[in-house]
There are 2 protein chains.
Amino acid sequence: MGIDPGLTRCGLSVVQAGRGRQILPVAVGVARTPSDAELAERLLRLSRAVGEWMDDYRPDVVAMERVFERGNVSTVMHTAHAVGVLVLAAAERGIPVHQYTPSEVKKAVSGNGRADKKQMTNMITRILGLSEAPKPADAADALAIAVCHCWRAPLIERMSTA
Amino acid sequence: MGIDPGLTRCGLSVVQAGRGRQILPVAVGVARTPSDAELAERLLRLSRAVGEWMDDYRPDVVAMERVFERGNVSTVMHTAHAVGVLVLAAAERGIPVHQYTPSEVKKAVSGNGRADKKQMTNMITRILGLSEAPKPADAADALAIAVCHCWRAPLIERMSTA
């Protein structure tokens, strides 16, 4: 399962790793919470939405984007609060969590750590054999994070057993 | 209930508002999570610890310190993840959450928005009629946040009904 964390829009995806580098898309969507609601209400809604996805799809692992201190302070903090709730949802279900930086995701998917949104969307559409580009951007990002983990996981595993 | 959010040490306190400005201490403590554990494990432990406090003391309201982007980036992010989990714990139990900035807490408790740690600890010890200063600092901070809310809540209520 790939998650692009956010409080207003949280990208969610589920993919199935196949042979070699083959990856099959299973589900993609966005969990939204109203920006005029209180923080507590928004975190509760997000927690329930992601919990339903986890209970429905029972992923083996959750890959999530790591938050950085960039852009609007209040947005960064909201996203960081959301990450806490999302990681907790996985931990409560015993699902391991891996975090990747945006440039790790870009590098893994497109070969270029500074690929732009359009390049990333094109790559994801091609990799997953989709008939059209996933929308909105948060959904495409969630798929990219899932693909990043599928391709990097075997390497991480080899490193940890080495 | 007053909470000084943190992932390594989270200050927790429960007070009972009495007549006028009188406040009685009920409980104070610190929830700790091991800094060498994974984020998911730490958030799970924190969530369970604060959940137990909430279930044991059934507070009417939770007051929490608002996190700012200051100091070490990774510490700020960890604290922000912790806040997400703490606010969620209250929301899941239907307990309203109020957030205060550090200077709001200092101002409310000591009359000075820039009071130092020692001044704050002295004030809290006096206000709550404690025989000795609460320790560690996170516990004292959690009491200060609770006192801040008790004294500010009537004002906030008057403003919202006005």
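**Burial, symmetry and an annotated site**

Me: Which residues are buried in helix 1 of chain B?

Reply: B:Leu39, B:Ala40, B:Arg42, B:Leu43, B:Leu44, B:Leu46, B:Ser47, B:Val50, B:Gly51, B:Trp53 and B:Met54. Buried means under 20% relative accessible area, exposed over 50%, partly exposed in between (1.4 Å probe, protein chains only). Helices are DSSP runs (H or I, at least four residues), and strands are too (E, at least two), numbered from the N terminus. This is a predicted model, where local features need pLDDT of at least 70, side-chain atom pairs count only at pLDDT 80 or more, and totals for chains, interfaces and linings use all residues. Residues are numbered from 1 along each chain as its sequence is written, chains are lettered from A and ligands numbered from 1 in the order written, and side-chain values use heavy atoms, without hydrogens and water.

Me: Where does the UniProt "active site" annotation fall?

Reply: The unreviewed entry places it on A:Asp4, A:Glu65 and A:Asp138. They are spread over 135 residues of sequence, yet cluster in space, with a largest C-alpha distance of 11.2 Å. UniProt annotations may be inferred rather than shown by experiment; positions follow the numbering used here, and feature names are shortened.

Me: What relates chain A to chain B?

Reply: A rotation of 180° with 0.0 Å of shift along its axis superposes them (RMSD 0.0 Å). The two copies are thus related as by a two-fold rotation axis. Superposition is by least squares on C-alpha atoms of residues with pLDDT of at least 70 in both.
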